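I opened a new page in my notebook for this one. My plan is to look things up one at a time and jot down what I find.

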Amino acid sequence: MVVLEEPIVAAEAPAARSRPGRRVRLRRDWLLLLCALPGLAALLAFHYAPLLGHVIAFKDYQPYIGIGDSPWVGLDNFRIIFNGDPVFLNALSNTLVISLLQLVFVFPLPIAVALLLNSLVSERFKRVVQSVLYLPHFMSWVIVVAIFQYMLGNAGLLNGFLQTHDLGSFNLIGNPGMFKELIVAQVVWKDTGWGTILFLAAMSRIDPARYEAAAVDGASRLRQLWHVTLPGIRSVIILLVILRLGDVLSVGFEQIILQQQAVGLEASDVLDTYVFNNAVGSGVWGASAAAGLVKGIIGVALVLAANKVAHLFDERGVYQK
Amino acid sequence: MSTATTPAGVPVRAAKGVVLTLCCLLVILPFVAVISTSLADQQQVTAAGGYVLWPDNPNLDAYRVLFSGDVVTRAVLVSIGITLVGTTLSLGCTTLLAYGLSRPGSFAGKPILMLVLFSLLFSPGIIPLYLTVKQLGLLDSYWSLILPTLINAFNVIVMRAFFLELPKELLDSAKIDGAGELTILARIVLPLSKAIIAVIGLFYAVAYWNSFFSALLYITDNAKYPLSLVLRTYVVNNATIGGGDGATALPQQSLQMAMLVVSIVPIVCVYPFLQKHFAKGIMIGAVKG
């Protein structure tokens, strides 16, 4: 979960007024720097330095020669993208379809549940429901996939029940035709509850006087929802849509790679698994790296663009100028 | 919602209650069934066609068989080791980094903060990460399960926000009394931040316990598999598992579900502590910035 707003940086402003010289500050703050060093080093080594690894998108990388000595091949590796390699296109279209399904079916659910929770009268019932619904978020994808197989698989609990009662069977797991629905259902199960947190936090900050004023003006509960609650969480919704956009090309790598074996690549290959299977699996490094690089660039570009649009509409977005 | 509105009518309230209760059941029921199957005896599992919702004669046979073999035992030990070492290192580095960034206007503070913030907007990508770990010679090393995920930038931001909220006068007076940065950190900041440190530590611990991505990418030697990879092999991909002494008169399903329970239980144990804090502390802090 990534949520930043302006005070993080804005807090710097007052200190800048009578800032002592560089050398003075270095002598004063060197211990703080030393504190930051180990964490910063880890961040640089495993978040920024790896970006250099993208050069192999322009090389014919051979693990035995090493990155430096592998020959440059210009844009050759990008041919799979420009020439429309069918395997690549299949992965791309699966990615986009799953992403779209998630935006339509997964994104609004936490808002609905949060509205429901927020309208509860009993605080205790609300807390119990929250505790239960947040729990699956902390389970790893391996656990969630195993639980789904166990509940809904061909030999699972539901089908066992259906069969003993002669009700046919429900073939969701290991069924290529239903793979995307399965992925969406798993995400809903795992993260709907967790997704309500930010909306609930935003709702709790709405001034109760607004509801009172609306009620005095004769607004029904539904109209209050429309005119007070939803506007109150608008900026959170926009923020999350922006972040979601940045992830449009990343759809649950762990979740999908775990279930690929059963349904085959045609139904289940997405960009991340395409990159992983071709590179780490089959040793086709250059082309996979090219696909990964393009994917990464599009992701960052989408976040920046969406943020720009949010600014145009006077919203705060992820960061401020 | 608000005190001014008249509460919704009984039917509406009942409907809400029913919907939310159903949601809760959808979450709880699978866990109950998993635990039940792991505890059920052989006859019942066979009779039920594999899985049971409630065990008639609960027993721990499945667990005994699991831990008599070395596959699961070793994986559990690996996961415990990674979680302990990883959480300690992550928490230490995160606290120090957050503290180092908690003095506005300090030398190089702003660029470092920007590096932390910006890292949230992109991920380095699968291949570059793999190559980095490979170049560092960490493939098939336990360190590959710890170092790449050592710092979670979001946790740094949350902790820094907490440190920034600490009363300035306290820090200033300590400085006037001649305390150095490290003394202030150890004597004043840390004791006041126990709650946030505990929560972030738990978040790290759960992440290490669950870690799958790193293990999938960097670990090929199955003697070094953490629990998540063993789960994938034997539960998700359905490979046959047996105990060390070949005493597997037990149905596969019981063993698989027992393995699942072993990986779920630690999370459920720390969950109440996590839950107590994150709802009000972390998330609201994050929204405020």
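**Entry 1: chain B.** First a reminder to myself: this is a predicted model. Chain B has 289 residues, and 53% of them count as buried. I also checked the contacts in chain B with a separation of 6 or more: 71% of them come from residues 24 or more positions apart.

**Entry 2: where chain B meets chain A.** How many residues of chain B are in contact with chain A? I got 103, and they touch 96 residues of chain A. I noted that interface size is often given as the accessible area lost when the parts come together. Here the buried area is about 9300 Å², with carbon and sulfur atoms giving 78% of it. Helix 1 (residues 10-39) gives the most to chain B's side, with 16 residues. I sorted the residues on that side of chain B into 73 nonpolar, 21 polar and nine charged. My search for salt bridges across the interface came back with zero. Polar contacts did turn up: 16 residue pairs, both partners at pLDDT 80 or more.

**Entry 3: helix 12 of chain A.** I picked residues 234-246, which make up this 13-residue helix. From first C-alpha to last, helix 12 reaches 19 Å, close to the expected 18 Å. Its buried residues include A:V236, A:L239 and A:R244. What covers the buried residues of helix 12? I found helix 4, helix 9 and helix 16 of chain A among the covering parts.

Note on methods
Residues numbered from 1 in each chain as written. Chains lettered and ligands numbered in written order. Predicted model: local features only at pLDDT ≥ 70, side-chain atom pairs only at ≥ 80, totals over all residues. Heavy atoms only, no water. Contact = heavy atoms within 4.5 Å. Buried area = accessible area lost by both parts, 1.4 Å probe. Salt bridge = Lys/Arg side-chain N within 4 Å of Asp/Glu carboxyl O. Polar contact = N/O pair within 3.5 Å; in protein donor to acceptor, adjacent residues only side chain to side chain. Helix = DSSP H or I, 4+ residues; strand = E, 2+ residues; numbered from the N terminus. Nonpolar A, V, L, I, M, F, W, Y, C, P; charged D, E, K, R; others polar. Expected span 1.5 Å × (residues − 1). Buried < 20%, exposed > 50% of the residue type's maximum accessible area, 1.4 Å probe, protein only.
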